Amino acid sequence: MTDPIPPSPAEQVLDDVALMLAPLVRWLLVQGIPLGALVRTLRGVYLDEAYRDLSQRDRRVTDSALSVLTGIHRKEVRAYMEAHHEPSGSPPVPVRLAPTPAAALFTQWITDPAYRTPDGAIQRTLPRHGPTPSFEALAREASRDVHPRTLLEELERLALVAVQPDQVCLLSDRFVSPVHDPAAIRTMAVNVADHLATAVHNLRADSPVQRRLEQSVFADGLSAESAAHLGEVARALWDTALQGMVREARARITPDASQDVAQDVAHDTRMRFGIYYHLEVNKSALPAAPDAPNPKNSREEDE
């Protein structure tokens with residue numbers, strides 16, 4: 001009897017890729033997006049990233065080079081490049097979502113000490129007009145380009161505030177877009193992309209010093225009540241982290257923006273700091289029902 005052939009490194013990587021893709025595919029199925037559409041999108045991503053890889057390595061970017069690197073036929077490479085790239089040949093700039101003015105206003109409301117009560121709680125009701133602390137003053141601090149009334153209407157649309165004739169009442173401590181709002185999907189995309197980019201960076205880092213923060217805590221064997229409790233703990237920890245990070249970011253942005261141009265310091269770096277809490281029932285650990293059918297035997301087959 002011969003020993004089984006161990007999987008190749010590429011096969012092992014693809015097994016892990018399948019694990020990462022599973023939640024995304026579950027969502028795509030709900031959205032009614034078929035495999036063919038995803039493959040077309042993935043083909044474009046492969047070509048764009050291959051273009052960047054060759055450019056960063058100072059390699060000549062040709063249809064043949066892209067074909068060899070991606071495994072995509074040269075005819076498909078040429079058709080995609082002609083349709084999606086500028087005459088200069090440069091790839092499209094990746095979309096990076098900056099916080100909307102409404103999100104910036106909301107964050108400032110829940111973090112700025114000027115909008116806190118004497119005991120440190122969020123001042124949940126603000127005068128609609130007037131000097132600080134008022135909604136109008138807050139809106140003008142958060143955005144110089146969008147009228148306070150427009151920001152108020154957007155927060156009201158998102159069900160984050162209740163508007164009264166002379167007051168604005170905060171209804172939530174978290175900025176969450178409606179589930180079917182395109183902005184919610186775009187926010188998910190850039191958050192997940194940055195998280196994955198950090199993880200991939202760490203896999204390619206030559207030394208521990210070059211690695212970025214990307215950690216998590218795992219616990220198994222919990223009751224549903226305990227898992228829910230830990231979820232509330234995670235929210236409380238995030239609230240503390242949010243306050244500290246916003247405070248430090250503002251302290252850095254202000255002097256960076258006013259720095260003398262003669263110092264020749266580039267201000268071209270962005271950051272994102274996030275947190276997540278995931279829980280699910282480990283179905284493989286649940287006892288089977290007495291007369292439950294075997295799932296392997298209950299699948300319908302095509303005739």
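Which helix is Leu38 found in? I looked it up: Leu38 is in α2. Leu38 has 31% relative accessibility, so I log it as partly exposed (buried is under 20% relative accessible area, exposed over 50%, partly exposed in between, with a 1.4 Å probe and protein chains only).

**Ground rules.** I'm working on a predicted model, where local features need pLDDT of at least 70, side-chain atom pairs count only at pLDDT 80 or more, and totals for chains, interfaces and linings use all residues. Residues are numbered from 1 along each chain as its sequence is written, and side-chain values use heavy atoms, with hydrogens and water left out.

**Patch.** I then followed Leu38 into a nonpolar surface patch of about 590 Å², made with Leu21, Leu24, Val25, Leu29, Leu35 and Val39. For the patch, I take residues with over 30% relative accessible area and no salt bridge, joining nonpolar side chains (Val, Leu, Ile, Met, Phe, Trp, Tyr) within 5 Å and like charges within 9 Å. A salt bridge here is a side-chain nitrogen of Lys or Arg within 4 Å of a carboxyl oxygen of Asp or Glu. Both α1 (9–30) and α2 (35–56) supply at least two residues each, and α1 gives the most, with four.

**Layout.** I count ten helices and three strands in the protein; these are DSSP runs numbered from the N terminus, helices being H or I with at least four residues and strands E with at least two. From the N terminus, I read the order as α-α-α-α-α-β-α-α-β-β-α-α-α.

**Strands.** I find β3 (residues 167–170) joined to β1 (residues 125–127) by three bridges, antiparallel. Strand β2 (residues 161–163) also pairs with β3 in the antiparallel sense, again over three bridges; pairing takes at least two DSSP bridges between two strands. What stands opposite Thr125 in β3? I get Cys169, and Cys169 is the bridge partner of Ala162 as well. Three residues lie between β2 and β3, which form a hairpin.

The buried ones include Phe106, Trp109 and Ile110. Over the 303 residues of the protein, 20% are buried. The protein exposes about 23200 Å², with 57% of that from carbon and sulfur atoms; areas are Shrake-Rupley with a 1.4 Å probe, and for residues only the protein chains shown count as cover.

**Contacts.** Last, I took contacts (heavy atoms within 4.5 Å) between residues at least 6 apart in sequence, and 52% of them join residues at least 24 apart.
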